[in-house]
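This briefing concerns side-chain packing in a single model. Please consult the sequence and the 3D view while reading.

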Amino acid sequence: MTLQDVEVGDILYTTISYSMTSHTFYRVVKRNKSSIVVEQLQKRNVEKTTDGAYVVPVNSTTPNKRVDGRLCMIRKGNSCKIDDRSAYLWDGNPKTETWYD
């Protein structure tokens, strides 16, 4: 599936990785041919690991933060940009987050 095929209600995610890995999840609330409007979702841990956790989005009707005015511009292939970070369709599997104390 490519982002050109994304539908309202689909979940996207972005990843930040440096000395730790963190994911942000978004739900598509509107789309047109060249952009997608998203809202940020909360996430929850489904399993803890030694240095992190596996996380999934909380797909509720009450989002953590509405991303008004920020569009996810569709790029060739299967990604788009949200706040200068590449966003991808979430496959439904938990994502690994890491942190170090």
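The points below cover aromatic pairs, nonpolar cores and the surroundings of one serine.

The model is predicted: local features need pLDDT of at least 70, side-chain atom pairs count only at pLDDT 80 or more, and totals for chains, interfaces and linings use all residues. Residues are numbered from 1 along each chain as its sequence is written, and side-chain values use heavy atoms, with hydrogens and water left out.

**Aromatic pairs**

- The structure holds two aromatic pairs; rings of Phe, Tyr and Trp (its six-membered ring) pair if their centres lie within 6.5 Å, and planes under 30 degrees apart count as stacked, over 60 as edge-to-face and the rest as tilted.
- Y13 and Y88 form a tilted pair, with 6.1 Å from centre to centre and 45° between the planes.
- Y13 belongs to strand β1 (residues 11-17) and Y88 to strand β7 (residues 85-89), so this pair ties together parts that are 75 residues apart in sequence; strands (E, at least two residues) are DSSP runs, numbered from the N terminus.
- Y13 is buried at a relative accessible area of 13%, whereas Y88 is partly exposed at 31%; buried means under 20% relative accessible area, exposed over 50%, and partly exposed in between (1.4 Å probe, protein chains only).
- F25 and W90 form an edge-to-face pair, with 5.7 Å between centres and 75° between the planes.
- F25 lies in strand β2 (residues 21-31) and W90 in the loop between β7 and β8 (95-98), so parts 65 residues apart in sequence are tied together.
- F25 is buried at 0% relative accessibility, and W90 is partly exposed at 21%.

**Nonpolar cores**

- The largest nonpolar core has nine residues: V6, L12, Y26, V28, I36, V38, C80, I82 and A87; such a core is a set of buried Ala, Val, Leu, Ile, Met, Phe, Trp, Tyr and Cys residues joined through side-chain atoms within 4.5 Å.
- Strands β2, β3 (35-49) and β6 (79-82) each give two or more residues to this core.
- A second, separate core of five residues includes I11, F25, L41 and V55.

**Surroundings of S22**

- S22 is found in strand β2 and is buried, with a relative accessible area of 18%.
- Not counting residues up to four places away in sequence, S22 touches T14, T15, I16, K43 and E97; contact means heavy atoms within 4.5 Å.
- S22 and G52 are 30 residues apart in sequence and 9.7 Å apart in space, C-alpha to C-alpha.

How values were computed:
Helices (H or I, at least four residues) and strands (E, at least two) are DSSP runs, numbered from the N terminus.
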